[in-house]
Amino acid sequence: MSVDGEAVRPASETDEPGWEVEPDDDWGAAVIATVGRQLKLRREAAGLRAAEFGTRIGYGEDLVYKVEAGKRIPRQEYLDRSDEVLDAGGLISASWEDVKRVRYPKKVRELGKLEAQAVEIGVYECNIIAGLLQTPEHARALIAAAQPPETPDDVERMVAARIARQSVFDRAPAPPIHFVLEEAPLRRQIGGTMAWRRQLERLLEVAHLHNVTLQVIPTNSEPHPGLDGRIELLKFADGSVVGRSDGAFNGRPISEPKHVRILELRYGTIRAQALTPPKSLMFIKDLLGET
């Protein structure tokens, strides 16, 4: 999933930690503005100017002003150092619990929330390896390849957000998760040979989880209804389903039963044409040369 970020940032800021607040993220903006106001009040109460405070915590004056104005999302280290300098007794550090809920892009948070609530997840990808399966190296190489290019800071933000979604594998009870991947993305050595091998090893690792099935569609297979883009299906405890497909309904999320049924039929057909899970694992092992 791609999220728009600041395209250009002054050279003096490129190495400063923290992320820009998205203009359409009202909840995130409110949380960061509140944290920023509290930091400013405590700094002023301590009689410290922004420049002096920045020096003490190890960050630039410009970043201090942006964090206090609610324009920049501070990282945990920034808050911890501020807590120490201002002798806040852990109160500033504790604000990380609020900040971390909004530190990722709005679209990614919304997707992660749905995945965290789903009782069953189905994903078909035709052009890339599914985000829930990507290693940090693989995700970083993919996101950095976007045009126009993202800033290094925004690349790291989106990588962190993508990896954070993988907490779905740690849920208890664990939801059934089904993946279908095309052969071509598995062969593309994104990030170099070693990164590619680590990505394939990650696929094998996840595929051995008791609640996960992973299937591969060889390139020489017959045409199927997923060739025009990814399909995602999220099923919930109340019986509702949210689906999305690049090749249907303008790519927008849908929940109408008649539309969901179409995606379910397409996804079912794709799974039926894919290799079985055991044969899919052997296929990936063949790519690694482990057989």
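Reader: What is the order of the strands in the open sheet?

Author: First the idea: strands are DSSP runs of E, at least two residues long, numbered from the N terminus, and two strands pair if DSSP finds at least two bridges between them. Here, five strands make an open sheet in the order β5-β4-β3-β6-β7, and the pairing is mixed. At the edges sit β5 (212-217) and β7 (241-245), each pairing on one side only. By the way, this is a predicted model: local features need pLDDT of at least 70, side-chain atom pairs count only at pLDDT 80 or more, and totals for chains, interfaces and linings use all residues. Residues are numbered from 1 along each chain as its sequence is written, and side-chain values use heavy atoms, leaving out hydrogens and water.

Reader: Which pairs are parallel or antiparallel?

Author: β4 (residues 177-182) runs parallel to β5 over six bridges, with I177 partnered by V212 in β5. By contrast, β3 (residues 120-125) and β6 are antiparallel, with five bridges; there, E120 has K235 of β6 as its bridge partner.

Reader: And how many bridges join β6 to β7?

Author: Five, and the two strands run antiparallel. E232 stands opposite R244 in β7. The two strands form a hairpin with five residues between them, and G239 in the turn has a positive phi of about 95°.

Reader: How many residues of β6 are buried?

Author: Buried means under 20% relative accessible area, with exposed over 50% and partly exposed in between (1.4 Å probe, protein chains only). In β6 (residues 231-235), four of the five residues are buried, so by that cut-off the strand is mostly covered.
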